[in-house]
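Have the viewer open and follow along.

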Amino acid sequence: MTELQLKVLELLKEDARRDAELIATMLAAPIEDVKQAITRLESDHIIVKYATVVNSSKLDEEKVTALIEVQITPERGRGFEGIAERIYLYPEVKSVYLMSGAYDLLVEVEGKNLKEVASFVSNTLSPIDKVLSTKTNFILKKYKQDGIIFEEHEGDHRLMVSP
């Protein structure tokens, strides 16, 4: 990856709404080089999607998000890939991560309510062959996601201490 591609990628990670012209100005680079860098990042599947981070607590719609720790037995010849694929194809599943530590996969699931998520875990996820156990953790409140703080916070009001 070129140095220009890395710089373009960093600027787009900060704000995906930046267009090639603005990025070229910020980097003091020719606009055609920036456009080529963006096209290359997209075609190489480095930039997969441009997304909006939403503070769902500000919306009227009720949604429940759960992080599910899943222990599995790897499949011969495919390891964790086959089971991870079976899991991530369900529409309720937002993310799947292979983890080190006490469990193998971390699965992020979204549903309309607790009952819907619980039903998915007990009726769909747990019965999958090779799934040994699950542990469901419901997200109660998001404070920060992708480097973005959701709640407005007050400044530091601690007293200055000096020796």
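Two residues are in contact here when they have heavy atoms within 4.5 Å of each other. With that cut-off, the buried residues of H5 pack against strand S1 (64–72), helix H4 (81–88), strand S2 (93–98), strand S3 (105–111) and strand S4 (131–138). Keep in mind that this is a predicted model.

**Helix H5**
- H5 covers residues 114–125, and at 1.5 Å a residue its 12 residues should span 16 Å; the end C-alpha atoms sit 15 Å apart, which agrees.
- Val117, Phe120, Val121 and Leu125 are the buried residues of H5.
- Those four take up an arc of only 95° around the axis, so they end up on the same side of H5.

**Helix H1**
- Run the same check on H1 (residues 3–14): 12 residues at 1.5 Å each should span 16 Å, and with 17 Å between the end C-alpha atoms, that agrees too.
- Gln5, Val8, Leu9, Leu11 and Leu12 are buried in H1.
- They're on the same side of H1 because the arc they cover around the axis is only 165°.
- Glu3, Lys13 and Glu14 are exposed, on the face of H1 that is turned away from its buried side.
- H2 and H3 are among the elements that cover the buried residues of H1.

**How H2 and H3 cross**
- For a pair of packed helices, the two things to quote are the angle between the axes and the distance between them.
- Here, the axes of H2 (residues 20–27) and H3 (residues 31–43) come within 9 Å and cross at roughly 115°.
- That crossing is right-handed.
- On the H2 side, the contact uses Ala20, Glu21, Ile23 and Ala24; these meet Ile31, Val34, Lys35 and Ile38 in H3.
- Sorted by class, the H2–H3 contact has 6 nonpolar and 2 charged residues, with no polar ones.

**Lysine 112**
- Look for lysine 112 in the loop between S3 and H5.
- Its relative accessibility is 60%, and since anything over 50% is called exposed, lysine 112 counts as exposed.
- Skipping neighbours within four places in sequence, lysine 112 is in contact with Glu62, Lys63 and Val64.
- Between lysine 112 and glutamate 61 there are 8.7 Å in space, C-alpha to C-alpha, though the two are 51 residues apart in sequence.

Key
Residues numbered from 1 in each chain as written. Predicted model: local features only at pLDDT ≥ 70, side-chain atom pairs only at ≥ 80, totals over all residues. Heavy atoms only, no water. Axes fitted to C-alpha atoms, helices over the stretch in contact; angles between N-to-C directions. Helix = DSSP H or I, 4+ residues; strand = E, 2+ residues; numbered from the N terminus. Left-handed = near helix turned anticlockwise from the far one by under 90°. Nonpolar A, V, L, I, M, F, W, Y, C, P; charged D, E, K, R; others polar. Expected span 1.5 Å × (residues − 1). Buried < 20%, exposed > 50% of the residue type's maximum accessible area, 1.4 Å probe, protein only. Arc of directions from axis to C-beta.
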